[in-house]
Amino acid sequence: MNTKSGNKIELTFLFLLFITTSIFAQKFENLALTPPMGWSSWNKFGVKINEKIIREVADAMVSSGMKDAGYEYVNIDDCWQISRDKNGNILADSINFPSGMKALADYVHSKGLKFGLYSCAGSLTCAGRPGSRGFEYQDARTYASWGVDFLKYDFCNIDAQNAEGAYKIMRDALFTAKRPVVFEICEWGGSQPWTWASKVGNLWRTTGDIMDCWDCEFNWGGSGVMQIADKNSKLAKYAKPGSWNHPDMLEVGNKNLTDNEARSHFTLWCMMAAPLIAGNDLRSMSQVTKEILNNKEIIALDQDSLGKQGFRWIVFNGIEVWAKPLRNDEIALCFLNRSDVVKTIEFDWKENPTIWNGNADGSPIKVSDKLNIRDLWLKKAIGTTKENLKKTIQPHDVLVIRLTK
Ligand code: GLA
């Protein structure tokens, strides 16, 4: 064979390889069929993280009962990385992570948990550490060799990059590296990821960063629990198994929310089928925080296999009533008192006899039939829909019920 035809065969082979890789590069199937549950370092620790904290948090996820309740990902956010070596390999900060990422991932896995990391589509991360731009395939291979199960991919320092294109490069890189990774798209809603991201990732941030406050808004885009819930609630129709709207990590257990507010925050995230990524210090939780994060009946709403995001159904006497369709034609209702005063409600089911059930056929659920009512924070049965529902709801608190046949 002469050199010319040899070159031709080689070129044809490379061309075919390129075509096949492009056609078959895709999102991993069967991941995050219910919203991912875990913990991430950012909300509590910000840039000040190290391997001791991560190991202790993994221990606490087990000892606090959170693992039993369904939490599995231990995710390190920005600032684990420091530079690249002369071959372009990403390097972990050797002062704060002296054992390296592989050892840390092994430790997290030894607890029966999964390990997550953070990077950025731009040249630098949001906190100024090296990003993955131009190193996507190399970084994906490195993550696979370390045992990474979850990647949050941010969108700072991006010049003129197109969001969808940038996220597809990392999706393809992860797929080519062959280790299944839950892929979080974090571009804060700017390019309306809900319209394209279900083919690219498993969860996408719908808003700017959450702040540790009930009702607040900052001019740089950070906002409180209520503002984030309002924005995310409009996107219910885009959520489905494997593809979730992400209204950001939880602030439950951090310093500013009252117990009522933390309970409402957690409930609304579950009603919206949001990823449940705790953002507090799991090593030093109060009993109330533990009870909120570990309420299995509330978590069951989030993790319901129907995979429907709940929505604001009606506003009644100044109380917002949110509804979430569940499997077996069950439904959860959350009565949210956003006001600063105690409200006493008497809810007449006959006046609001049906709720759209979110199924493809659009058939409504009749709540005026005699359904059983269970209070999911009191954890007990409280009657049926034959009688009016009478309750007092504290300011910024919720009443959450599940209707069953
Ligand atoms: C962005 C993200 C946050 C966090 C920081 C880290 O602001 O939205 O969730 O990851 O970057 O720098």
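1. A polar side-chain atom of K152 sits 2.7 Å from an oxygen atom of the ligand. The model is a predicted one, and the distances in this note are to be read as computed from it. D78 also supplies a side-chain N or O atom, 2.8 Å from an oxygen atom of the ligand. For W188, a polar side-chain atom lies 2.9 Å from an oxygen atom of the ligand. Taken alone, the ligand exposes 310 Å², and 92% of that is buried by the protein.

2. On the composition of the site: the ligand is surrounded by 13 residues. The closest are D77, D78, K152, D154 and D209. By class, the shell around the ligand holds 7 nonpolar and 6 charged residues, with no polar ones.

3. Helix α5 spans residues 100-110, and its buried residues are G100, M101, L104, A105 and V108.

4. Over the whole structure, a search finds 25 salt bridges. Side chains of opposite charge can pair when their charged atoms come close.

5. Within helix α7 (residues 163-177), E164 and K168 are 4 residues apart, about one turn of the helix. Their side chains meet in a salt bridge, with an N to O distance of 3.1 Å. Are these two residues buried or partly exposed? E164 is partly exposed because its relative accessible area is 28%, and buried would require under 20%. K168, at 30% relative accessibility, is partly exposed as well.

6. R338 and E320 form a salt bridge whose closest N and O atoms are 2.9 Å apart. R338 lies in the loop between β13 (331-336) and β14 (343-347), while E320 belongs to strand β12 (residues 319-325), so the pair ties together parts that are 18 residues apart in sequence. R338 counts as partly exposed, at 27% relative accessibility, whereas E320 is buried, with a relative accessible area of 10%.

7. K391 and D375 form a further salt bridge, in which the closest N and O atoms are 3.6 Å apart. Both partners are in strands: K391 in β19 (residues 389-393) and D375 in β17 (residues 372-375), so this pair ties together parts that are 16 residues apart in sequence. D375 is buried, with a relative accessible area of 4%.

8. P35 is in the loop between α1 (3-24) and β1 (37-40). At 2% relative accessibility, P35 counts as buried. Which residues is P35 in contact with, leaving aside its neighbours within four places in sequence? They are W244, A273, A274, P275, D302 and Q303. A separate C-alpha to C-alpha check puts P35 9.6 Å from S305, although the two are 270 residues apart in sequence.

How values were computed. Residues numbered from 1 in each chain as written. Predicted model: local features only at pLDDT ≥ 70, side-chain atom pairs only at ≥ 80, totals over all residues. Heavy atoms only, no water. Near = heavy atom within 4 Å. Polar contact = N/O pair within 3.5 Å; in protein donor to acceptor, adjacent residues only side chain to side chain. Areas by Shrake-Rupley, 256 points an atom, 1.4 Å probe, with all protein chains shown as cover. Nonpolar A, V, L, I, M, F, W, Y, C, P; charged D, E, K, R; others polar. Buried < 20%, exposed > 50% of the residue type's maximum accessible area, 1.4 Å probe, protein only. Helix = DSSP H or I, 4+ residues; strand = E, 2+ residues; numbered from the N terminus. Salt bridge = Lys/Arg side-chain N within 4 Å of Asp/Glu carboxyl O. Contact = heavy atoms within 4.5 Å.
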